[in-house]
Amino acid sequence: MQRYGILHRTYYNFAGNVRLGPHALLLRPREGPELRIESSTLHITPPAAVRWNRDVEDNAVAIATFDSPTNQLAIISEVIVERDQLAFVDSVAGESIEYPFAYGVADRAALAPYMEAPAAMGERSRLSAWVQSLWQPGERIQACALLHRLAARIHDDLSYERREEPGVQATEVTLSRRLGSCRDSAFLFMEAARCLGFASRFISGYLNVPASSLNFGATHAWAEVYVPGAGWRGFDPSNGAQAGPGHIPVAVARSPELVPPVAGTFIGPTGASLNVGVWVNLLT
């Protein structure tokens, strides 16, 4: 068992006094057999009324509503989690599934939203050609081995680029530029996995890594694929590897734009600056 302390600070500075609309906050890690929240505090300035609910993906969402005008919004989340390393031991059943395979009828019905073909996919698209280079018909390979190959290929083909602007690049743009943020790499992995017939979803969360100019002070993104017998398996193409105990998921979704850490509106002078800091430390 390992314990991690997570500090996530978000500051919006406005051009003048504004009135804040409701804000949806996706900051609380997803609890499960392998992850338990030991403590969690949320500090918001100006003072806000906070209510918690669960969205359709069972993500924990805090809805903050405000009464006072302000020229700054500060959101500080502090969480301590316990992470079970045993949950990351490979599943024999999952590792033995050979590609290509077909999901069962019941699974396909539940997984349909995560299997939609990418809009960029076409016979002559850059994405199509790139995916075809990953696997040739007739090759015998285990499903998880192919997914490892996909994550490693993205890591090898793309250079990391930290992007502050919201949203993700189209996969064609990422492949053309050979540059992308962690969320761009995760989105490319997700779209490529769907092209190969896998159900895949986007993950927003935190990563415990040594501080550097590339990975310090930001949330992290990766992807999960549903493998029969193994369940949802995480892959981090930014690092070219499978997700491990240092990956702490916060929110999952069928599309990246559905899970921003903070989303809301304001009424007042146009213009606002954003400053975000994230620190993930191993405690024990």
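Me: Is Ser204 buried or exposed?
Reply: Ser204 is buried, with a relative accessible area of 10%. Buried means under 20% relative accessible area, exposed over 50%, and partly exposed in between, with a 1.4 Å probe and protein chains only. This is a predicted model, in which local features need pLDDT of at least 70 and side-chain atom pairs count only at pLDDT 80 or more, while totals for chains, interfaces and linings use all residues. Residues are numbered from 1 along each chain as its sequence is written, and side-chain values use heavy atoms, with hydrogens and water left out.

Me: Where is Ser204, and what is it in contact with?
Reply: Ser204 belongs to strand E10 (residues 199-207). Helices (H or I, at least four residues) and strands (E, at least two) are DSSP runs numbered from the N terminus. Leaving aside neighbours within four places in sequence, Ser204 is in contact (heavy atoms within 4.5 Å) with His220, Pro249, Val250, Ala251 and Val259.

Me: Which sheet has E10 in it?
Reply: E10 is part of an open sheet of five strands, in the order E13-E12-E11-E10-E14, with antiparallel pairing. Two strands pair if DSSP finds at least two bridges between them. At the edges are strand E13 (241-242) and strand E14 (247-253), each of which pairs on one side only.

Me: How many bridges join E10 to E14?
Reply: Six bridges join these antiparallel strands. Within this region, Tyr206 has Ile248 in E14 as its bridge partner.

Me: Changing topic: what about strand E4?
Reply: Strand E4 (residues 60-66) is mostly covered, with six of its seven residues buried. E4 pairs in the antiparallel sense with strand E1 (residues 2-25) over three bridges, and His23 stands opposite Ala64 in E4. Strand E3 (residues 48-54) also pairs with E4 in the antiparallel sense, over seven bridges; here Arg51 stands opposite Ile63.

Me: What is in the hairpin of E3 and E4?
Reply: Five residues lie between the two strands, and Asp58 takes a positive phi near 70° there. Asp58 is not a glycine, and at 43% relative accessibility it counts as partly exposed.

Me: Which other residue has a positive phi although it is not a glycine?
Reply: Arg178 has a positive phi of about 60°. Arg178 is placed in the loop between helix H5 (171-177) and strand E9 (179-180), and counts as partly exposed at 45% relative accessibility.

Me: Now the aromatics. How many pairs are there?
Reply: Rings of Phe, Tyr and Trp (its six-membered ring) pair if their centres lie within 6.5 Å; planes under 30 degrees apart count as stacked, over 60 as edge-to-face and the rest as tilted. By this rule the count comes to nine aromatic pairs. One of them is Tyr103 with Tyr226, a tilted pair at 6.2 Å centre to centre and 45° between the planes. That pair links distant parts of the chain, 123 residues apart: Tyr103 is in the loop between strand E6 (98-99) and helix H2 (105-111), and Tyr226 is in strand E11 (residues 220-227). Tyr103 counts as buried, at 6% relative accessibility.

Me: Why is the pair of Phe189 and Phe235 stacked?
Reply: The pair is stacked because the planes are at 20°, with the ring centres 5.6 Å apart. Phe189 in helix H6 (residues 182-195) and Phe235 in strand E12 (residues 231-236) are 46 residues apart, and both are buried.

Me: Which residues form the aromatic cluster?
Reply: Tyr99, Phe101, Tyr103, Tyr114, Trp135, Phe198, Tyr226 and Trp232 form one cluster. The charged end of Arg201 sits over the ring of Trp232, 4.1 Å from its centre; the rule asks for NZ of Lys or CZ of Arg within 6 Å of the ring centre and within 35 degrees of the ring normal.

Me: Finally, what does the secondary structure of the protein come to?
Reply: The secondary structure comes to six helices and 16 strands. Buried residues make up 46% of the 284 residues in the protein.
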